[in-house]
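User: Please examine the model shown here and discuss its strand pairing and its ligand site.

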Amino acid sequence: MAPPAQPGVPGGRGSKVPPARKLLCMCSLSLCLTYLCYSLMGGAGPAALRSPAAIPATAAPGAPRSPAALPGTAAPRSPPGPPGSAAAPTASAAPPRASNGSRDAGAWTRTPLAPGEVIAAQSGAFERDPQESSTTDEELSRAGSRGTTPDYGEKRLPQALIIGVKKGGTRALLEAIRAHPDVRAVGTEPHFFDRNYEKGLQWYRDVMPKTLEGQITMEKTPSYFVTNEAPRRIHSMAKDTKLIVVVRNPVTRAISDYTQTLSKKPEIPTFEVLAFKNRTLGLIDASWSAIRIGIYALHLENWLQYFPLSQILFVSGERLITDPAGEMAKVQDFLGLKRIVTEKHFYFNKTKGFPCLKKPEDSSAPRCLGKSKGRTHPKIDPDVIHRLRKFYKPFNVMFYQMTGQDFEWEREESEK
Ligand SMILES: Nc1ncnc2c1ncn2[C@@H]1O[C@H](COP(=O)(O)OS(=O)(=O)O)[C@@H](OP(=O)(O)O)[C@H]1O
């Protein structure tokens, strides 16, 4: 399955190299050089801050996209193993944990993490928000049969997934799409394609709610987006799986991520300390997962080797707050659903400071998200914010080129 030609999108069809692709290649090259300089100056070696080209790839021959068509991916790709056999960064590859299951502060803050390893880190003690990602087996078995899901129909594997990004607004999106009568979703995060893959597809199916013919089964696990093996695994489950990524300004996302960690581990160093490898030299520490997750172009490259761009919907986390109905219209169109979730479903809750779903007729329960969403962020040194924005800018530009969408994160900067 070849991806559709996309103007300015790497991987589009055509024998001649389009100008946009050339630009992208040049952009890639300059990013590689920047990376190299960072690595040399930081003295931490290339593993600590790798260029997109140096990130281990998982492309498979016969996968939808030609690796050569992707920016910064000149490196040869390793052939795929049988399903489930790819060399995956595992929990054992992650830095040692303290006996209570958490990393000691020094170890987790400075250890270079590959995307898959980030997941291993995220499953540690500092990621324990029941609503977000600390889904236990027990919770999952309950989740399959509870909630708004009527107990009829069949359990099916999901046809659509919200794959990221962490702190992008994934919960808000899932709850909004669940208001659609033709969607059934599991409330907790199954983490099948990262942590629970060994349990097998039957386990995954059992986690899902029952659906009737024609209803769409969904789940959200934001860590999939940064998991190296996830695209291949999802592709091998069903190559027509629809993928949704909620993206948010990577600087704000990083601060949100840090705020979540801080709420559980108040003793961690400040954001300003963690963000730099060397603050005097202005060297950003991209090995810190809070920063690394926001290099969207890097992670997307991995997905585009398995899925055409047309199968991935990018939702703006910012617009999900300012215009939830507008973003939901796009989501419903993408999923082939009638536009049933509209502005009538939302109201702006002043106390919460966010849009909330209007309560369903048969319930008195408020439908705003819990207090782990919309936490007050600590004040971050404006100079650090400025440096981070500069760091992300080339990656953001590349991401806009790859997706054909401008998320306007740079505009936010110039408006200040
Ligand atoms: N309607 C509504 N209500 C509350 N919060 C909303 C909403 N829409 C988007 N957001 C933003 O979602 C951010 C949390 O993102 P996620 O749900 O993806 O987080 S998580 O990865 O599941 O932990 C969360 O980030 P923080 O504000 O930093 O807490 C919110 O800004």
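Analyst: Two strands count as paired if DSSP finds at least two bridges between them. The model discussed here is predicted.

User: How many bridges join strand E2 to E6, and how do the strands run?
Analyst: Strand E2 covers residues 160–164. Within this pairing, Ala160 stands opposite Lys242 in E6. The two strands run parallel, and the number of bridges that join them is four.

User: Which residue of strand E9 stands opposite Ile244?
Analyst: E6 pairs with strand E9, residues 312–316, in the parallel sense over five bridges. The residue of E9 opposite Ile244 is Leu313.

User: Why is strand E6 described as largely enclosed by the rest of the structure?
Analyst: A residue is buried if its relative accessible area is under 20%. Strand E6 comprises residues 242–247, and it is largely enclosed because the buried ones among its six residues number five.

User: How much of the accessible area of the ligand does the protein cover?
Analyst: A polar side-chain atom of Lys220 lies 2.7 Å from an oxygen atom of the ligand, and one of Ser256 lies 2.6 Å from an oxygen atom of the ligand. On its own, the ligand has 640 Å² of accessible area, of which the protein covers 96%.

User: Which element gives the largest share of the shell around the ligand?
Analyst: Helix H5 (170–177), helix H8 (250–264) and strand E11 (354–357) each give two or more residues to the shell. The largest share is three residues, and the element that gives it is H5.

Conventions
Residues numbered from 1 in each chain as written. Predicted model: local features only at pLDDT ≥ 70, side-chain atom pairs only at ≥ 80, totals over all residues. Heavy atoms only, no water. Polar contact = N/O pair within 3.5 Å; in protein donor to acceptor, adjacent residues only side chain to side chain. Areas by Shrake-Rupley, 256 points an atom, 1.4 Å probe, with all protein chains shown as cover. Buried < 20%, exposed > 50% of the residue type's maximum accessible area, 1.4 Å probe, protein only.
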